[in-house]
Amino acid sequence: MTLEPVNILGMSRRQLEAFFLDLGEKPFRASQVMKWVHQQGVHDLDLMTNISKTLRDRLRPLIEIRPPQISAEYAATDGCYKWIVQVTSGSSVEMVYIPEAGRGTLCISSQAGCSLDCSFCATGKQGFNSDLTSSEIIGQLWLAKHALGSFVVGGKPITNVVFMGMGEPLLNYDVVMTAVDVMMDDNAYGLSKRRVTISTSGVVPAMLRMHEQTDASLALSLHATNDELRNELVPLNKRYPIIEVLAAVKHYLSKLPDNRSATIEYILISGINDHRQHARELVKLLWDIPCKINLIPFNPFDGAPYKRSSNSSISNFRRILIDAGYTVTIRTTRGDEIGAACGQLVGKVKDRTKRSARYREAAGQQIPVVDVSDNSQD
Ligand code: SAH
Ligand code: SF4
């Protein structure tokens, strides 16, 4: 029986050290290999010149460095890029590169689809197919850094990673924590804790234990100021209501050694959660949480039941928060001509929940899925 080679792309240093120890090798081989793979972009063992030929020959049948395949690339006129990434479950996910003044942000996916069905989110409407592996998550960063270099021309190298693509990262907890570990490892990407952001819709048990694994930045998708409305927008709220979710944010911050704040994300949906009264309620709700507030004008998708707030509602909302002393950013809509804006990511998910079919029926139309079947790239 021949063993499948292990894909080491998504392994943390600790995991790789254990792997080498098992082989009777010195653990420092882990950092040597990680530097080749993540810093130099090398996936051919023969190019790893500080590893002896004997060891390379031994490793060859045992390991592989295999990023996922990209099946399509889209460029927007504002410098954003979107890639369709194929994952082993047969689905595809999306990843987006967003250049901004002084930084380049990569928005990555953690699951193919999402089981949480937020009412404003195209990914949620696709249903859920699978968790990504750590190699598929790190593979997105690896590809963007080493293989998809075209966007760096006139753009910025990747300085920030946000888990704001498809899926709920805290429902793929162990894998996401391993991937974050690799992102922040000095032998790999060396990103600082402030430059890796995990965005969650509020999976409280995971938020309460996250500090044991990581000190990455946390963003909470709040979107409503009372449970009745949040139950509608983010159904997970029925399990973990606002008061518990905010307590979990505070708990995470309290465990970090530095004075860190969280990001509170708040979508602005016309006539639903964008009244002045909502802004005033938000001011009260967040009074004891060190945070900045990120307002995200709702990004429409075909069949979406909502509209984006008007510019005047957005600016009134923002003014109330600023006057109350909050730092507020408005997420400018980037890449929406290529369907790359927040909440527009759909990939091509083989839905196991059959939610997409029900949704298509209810919406009376097709969800815009990118057809990647004849488009794969070797
Ligand atoms: N599941 C995680 C991370 C992925 S969603 C979460 O919910 O936080 C990333 C961000 O995009 C979240 O803040 C989410 O609320 C937002 N988003 C989803 N659909 C959107 C839409 N249609 N318009 C604007 N933002 C959206
Ligand atoms: Fe899932 Fe986040 Fe979309 Fe909600 S907003 S359905 S949690 S990806």
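A nonpolar core is a set of buried Ala, Val, Leu, Ile, Met, Phe, Trp, Tyr and Cys residues joined through side-chain atoms within 4.5 Å. Keep that in mind as we look at this structure, which is a predicted model.

**The cores**

The largest nonpolar core has 109 residues, and F120 and M183 are the members that touch the most others. What does M183 touch, once residues up to four places away in sequence are set aside? Its partners are I108, I137, I138, L141, V161, F163, Y189, G190, L191 and V196. There is also a second, separate core of 8 residues, with C80, I98, C107 and M164 among them.

**Ligand 1**

Now let's turn to the first ligand. It is surrounded by 19 residues, and F120, S199, S221, H223 and N299 are the closest.

| Protein atom | Ligand 1 atom | Distance |
|---|---|---|
| E168, polar side-chain atom | nitrogen | 3.3 Å |
| H223, polar side-chain atom | oxygen | 2.7 Å |
| N299, backbone N or O atom | nitrogen | 2.9 Å |

On its own, ligand 1 exposes 530 Å², and the protein buries 96% of that area.

**Ligand 2**

Which residues lie around ligand 2? They are C114, L116, D117, C118, F120, C121, G124, G167 and S201. Sorted by type, this shell holds 5 nonpolar, 3 polar and 1 charged residue.

**The cysteines**

A disulfide is a covalent bond between the sulfur atoms of two cysteines. How many disulfides are counted here? The count is 0.

Terms used: Residues are numbered from 1 along each chain as its sequence is written. Chains are lettered from A and ligands numbered from 1 in the order in which they are written. This is a predicted model: local features need pLDDT of at least 70, side-chain atom pairs count only at pLDDT 80 or more; totals for chains, interfaces and linings use all residues. Side-chain values use heavy atoms; hydrogens and water are left out. A residue is near a molecule or strand if one of its heavy atoms lies within 4 Å of it. Ala, Val, Leu, Ile, Met, Phe, Trp, Tyr, Cys and Pro count as nonpolar, Asp, Glu, Lys and Arg as charged, and the others, Gly among them, as polar. A disulfide is a pair of cysteine sulfur atoms within 2.5 Å. Buried means under 20% relative accessible area, exposed over 50%, partly exposed in between (1.4 Å probe, protein chains only). Contact means heavy atoms within 4.5 Å. A polar contact is a pair of N or O atoms within 3.5 Å; within protein, one must be able to donate a hydrogen and the other to accept it, and residues adjacent in sequence count only if both atoms are side-chain atoms. Accessible areas come from the Shrake-Rupley method with a 1.4 Å probe; for residues, only the protein chains shown count as cover.
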